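Subject: Structure handover

Hello,

The structure is below, followed by notes on what was found in it. Please read them with the coordinates open.

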There are 2 protein chains.
Amino acid sequence: MDEHRDITLAKKHIYRMTPQRKVILEEVRKMNNHPSADEIYEAVRKKLPRISLGTVYRNLEILSEQGEIQKLELTDSVNRYDWDTRKHYHIRCVRCGRVDNAPIAPMQQLENELYGATVFTILGHRLEFIGLCPECSKKLSCLKNNPPDK
Amino acid sequence: MDEHRDITLAKKHIYRMTPQRKVILEEVRKMNNHPSADEIYEAVRKKLPRISLGTVYRNLEILSEQGEIQKLELTDSVNRYDWDTRKHYHIRCVRCGRVDNAPIAPMQQLENELYGATVFTILGHRLEFIGLCPECSKKLSCLKNNPPDK
DNA sequence: ATGATATTGAAAATTATTTTATAAATGGTG
DNA sequence: CACCATTTATAAAATAATTTTCAATATCAT
């Protein structure tokens, strides 16, 4: 409900490097599939069995705030995380949720097109492609020839 | 967690026109500010005081499935609804959540650029601009000259 | 009017995420 | 090294948006 940003100009938090934070970062950097917090939790648990999910969430937030990782807020129910902090777009499978990078260069000029045409001050944009991964495409075309309900 | 789409080819539901559904549609058509389910609920309640929030959610889903309205899944915690079902982009204020239409034409050719460059079958794309509405811009520039914490 | 089934209201369930409280760990300083 | 102000971890509870359940109607093609 209240998702308004914190606008205080308070002094920056000084973060400490903890074993938990280090392992979380290492694990995210090993994952190439844009994992969710829960998937990262499961991976980290193998190294630190007593870690709590809350710690994972908190550290993912801190790490993305620090620019160590990128938080992907896709039009999906779950947020995903990416070790690659460079600007790039994504493509998401509507059926299974798989997320790949979209091989297309970021288009900053999109924002320029709005200049003067809106009363808003533009800060950025978000572009996400929706599609079907090869596996789901295949399953769906099978279903089409052979519907499950006769 | 399980947000995979229903892929059954079962026979289409036959929807009935209820007073509730009709009032919900009428109210959304009156609103120009991309209202959330809760805002629609409040508006509808003035006409039908005994309606439940669940009914509003259920009908908004049905109405958007039927193409009577458009469901906007922005990178916001709440979904919004739009009486205008034509393809268009939006710009959202990061601070207060206000959503305006983005005065820029839909770019279908964006999807073509991915053709052959990804293993996905492209179904669509989503483009959302992030910014500050005039009111929030003003408040922020005041804060800059006069920070709340000395 | 009748009957099959879609729909409602109210409440409970779900899901992802955030917050709280208490205890423990960290790292700069004397 | 010991002290100490914080930051952080854990576990559990809280939150918030949305969905589901279920028993009681309402709808509409026949």
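Strands E3(B) and E4(B) pair in the antiparallel sense over four bridges; two strands count as paired if DSSP finds at least two bridges between them. Helices (H or I, at least four residues) and strands (E, at least two) are DSSP runs, numbered from the N terminus.

Two points on conventions. This is a predicted model, in which local features need pLDDT of at least 70 and side-chain atom pairs count only at pLDDT 80 or more, while totals for chains, interfaces and linings use all residues. Residues are numbered from 1 along each chain as its sequence is written, chains are lettered from A and ligands numbered from 1 in the order in which they are written, and side-chain values use heavy atoms, with hydrogens and water left out.

Strand E3 of chain B

E3(B), residues 89-93, is mostly covered, with five of its five residues buried. Buried means under 20% relative accessible area, exposed over 50% and partly exposed in between, with a 1.4 Å probe and protein chains only. In a regular strand the side chains alternate between the two faces of the sheet. Tyr89(B), Ile91(B) and Cys93(B) are on one side of E3(B), His90(B) and Arg92(B) are on the other, and all are buried.

The sheet across both chains

Six strands make up an open sheet of mixed pairing, in the order E4(A)-E3(A)-E5(A)-E5(B)-E3(B)-E4(B). From one strand to the next the twist averages 30°. In chain A, E3 (residues 89-93) and E5 (residues 121-132) run parallel and are joined by four bridges. His90(A) stands opposite Glu128(A) in E5(A).

Thr75(A)

Thr75(A) sits in the loop between strand E1 (70-72) and strand E2 (80-82) of chain A. Thr75(A) has a relative accessible area of 10% and is therefore buried. Its side chain makes a polar contact of 2.6 Å with the side chain of Glu128(A), and another of 3.3 Å joins the side chains of Thr75(A) and Arg126(B). A polar contact is a pair of N or O atoms within 3.5 Å; within protein, one must be able to donate a hydrogen and the other to accept it, and residues adjacent in sequence count only if both atoms are side-chain atoms. Leaving out residues up to four places away in sequence, Thr75(A) touches Arg92(A), Glu128(A), Glu73(B) and Arg126(B), where contact means heavy atoms within 4.5 Å.

Chain A and its helices

Chain A has five helices and five strands. Of its 150 residues, 41% are buried.

The axes of H1 (residues 19-30) and H3 (residues 53-65) of chain A come within 10 Å and cross at roughly 70°. Axes are lines fitted to C-alpha atoms, for helices over the stretch in contact, and angles run from 0 to 180 degrees between N-to-C directions. H1(A) and H3(A) are therefore roughly perpendicular to each other, a term for angles of 65 to 115 degrees.

Regards

Notes. Angles under 35 degrees count as roughly parallel, over 145 as roughly antiparallel, 65 to 115 as roughly perpendicular and the rest as oblique.
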